[in-house]
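This briefing goes through a few parts of one structure, topic by topic. Please look at the sequence and the model before reading the points below.

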Amino acid sequence: MNILEVIVLGIVEGLTEYLPVSSTGHLILAEHFMHMTQSKEALDAFAVCIQGGAILAVLSLYYARVKSMVLGVLGKDPAGLRMVINLFLGFIPAVVIGLLCADEIKDLLFNTTTVATTLILGGGVILAYSVWRSRHGLSNEGADGAPLENLTPLKALIIGLLQCIAMIPGTSRSLMTMLGGMFVGLSVKAAVEFSFLLGLITLSAATVHDAYKFGDVLIDQFGWTNLIIGTLVSWFSAWLAVKWMVSYLQKHSFAIFGWYRIALGIFTLGLIYFGYIH
């Protein structure tokens, strides 16, 4: 893997991890476009491990909330403790499904055809939601709905169950958790923040798991330098993406992400049909 490939993967991971467009799907497509020949296990592990940069981006941007959660665990902040419990409940379904089905999902669904199809389907869901929201007179600024402090354990568990759908590549963890948050009554702003915070736990667990399981292969094929550079690029890209999206959704709907997903999905299907990628 050369330095340009490392930077591209870091940018793709960082920009797409917290946007509702599927980072896994984009990474699979990027690897195909660049004709990367490393083992699938090593590439998958590299993509997961550079998520560490995206995790650091959210930790820095939501430092106050994370600090409250730490104090909650220490018995000094009841609201922070409630958030920790809700995030734990939102995380549990992914652990169960991941342990039971992760290998089967990777073997059967981690391919460009699945990614293209789910990109289009997810885009349709976003556009349908945007139309529904507009027809019901709900604002784009995120004022409609409950604040994050009103999230109950049961609703957090529902969001966690919906997050499991995103194990299908191209679906997007962020999309499912954001829509899940709004489905259970959170405001757009609260749903987006909970999605980011839930991502801290989910992505951290995935990173630690793959680093432990494939660490030797990862370092042997890519080396520490590439891993560090990819993580740093991912951090900076994710920081920009999160800042932009939070600002964008204060004035606009999710529709732009829907149109983007559909366009990319159709384009990818075209490339598959004409044999440019497989």
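A residue counts as buried when its relative accessible area is under 20%, as exposed when that area is over 50%, and as partly exposed in between. The model is a predicted one.

**Aromatic rings**

- A search of the whole structure finds 11 aromatic pairs.
- In one of them, the ring centres of Phe46 and Phe222 are 5.0 Å apart and the planes stand at 55 degrees, so this pair is tilted.
- Phe46 belongs to helix H3 (residues 40-49) and Phe222 to helix H10, so the pair ties together parts that are 176 residues apart in sequence.
- Phe46 has a relative accessible area of 1%, which is under 20%, so Phe46 is buried.
- Phe222 is buried as well, with a relative accessible area of 6%.
- Trp235 and Phe236 form another tilted pair, because their ring centres are 6.2 Å apart and their planes are at 50 degrees.
- Trp235 is partly exposed at a relative accessible area of 34%, and Phe236 is partly exposed at 43%.
- Ring pairs also link Tyr129, Trp132, Trp244, Tyr248, Phe254 and Phe257 into a cluster.

- Which residues of helix H8 (residues 153-163) are buried? They are Ala156, Ile159, Gly160 and Gln163.
- These residues lie on the same side of H8, because they cover an arc of only 100 degrees around the axis.
- An α-helix has 3.6 residues a turn, so residues three or four places apart point the same way.
- The exposed residues Leu154 and Leu161 sit on the face of H8 turned away from its buried side.
- The cover over the buried residues of H8 includes helix H6 (78-109), helix H9 (173-183) and helix H10 (188-248).

**Helices H7 and H11**

- Two packed helices are described by the angle between their axes and the distance between the axes.
- For helix H7 (residues 112-135) and helix H11 (residues 255-273), the angle is about 155 degrees and the axes are 7 Å apart.
- Angles over 145 degrees count as roughly antiparallel, so H7 is roughly antiparallel to H11.
- The crossing of H7 and H11 is left-handed.
- On the H7 side, the residues making the contact include Thr112, Ala116, Leu119, Gly122, Gly123, Gly124, Ile126 and Ser130.
- On the H11 side, they include Ala255, Phe257, Gly258, Arg261, Ile262, Gly265, Leu269 and Ile272.
- Phe257, one of these H11 residues, is also a member of the ring cluster.

**Two single residues**

- Where is Lys67 found? Lys67 is in helix H5 (residues 63-73).
- Lys67 is partly exposed, with a relative accessible area of 44%.
- Lys67 and Gly80 are 13 residues apart along the chain, and their C-alpha atoms are separated by 8.1 Å.
- Gly199 is found in helix H10.
- Is Gly199 buried or exposed? Gly199 counts as buried, at 0% relative accessibility.
- Leaving aside neighbours within four places in sequence, Gly199 is in contact with Arg173 and Ser204.
- Gly199 and Thr268 are 69 residues apart along the chain, and their C-alpha atoms are separated by 27 Å.

Note on methods: Residues numbered from 1 in each chain as written. Predicted model: local features only at pLDDT ≥ 70, side-chain atom pairs only at ≥ 80, totals over all residues. Heavy atoms only, no water. Buried < 20%, exposed > 50% of the residue type's maximum accessible area, 1.4 Å probe, protein only. Helix = DSSP H or I, 4+ residues; strand = E, 2+ residues; numbered from the N terminus. Arc of directions from axis to C-beta. Contact = heavy atoms within 4.5 Å. Phe/Tyr/Trp six-rings, centres within 6.5 Å; stacked < 30°, edge-to-face > 60°. Axes fitted to C-alpha atoms, helices over the stretch in contact; angles between N-to-C directions. Parallel < 35°, antiparallel > 145°, perpendicular 65-115°, else oblique. Left-handed = near helix turned anticlockwise from the far one by under 90°.
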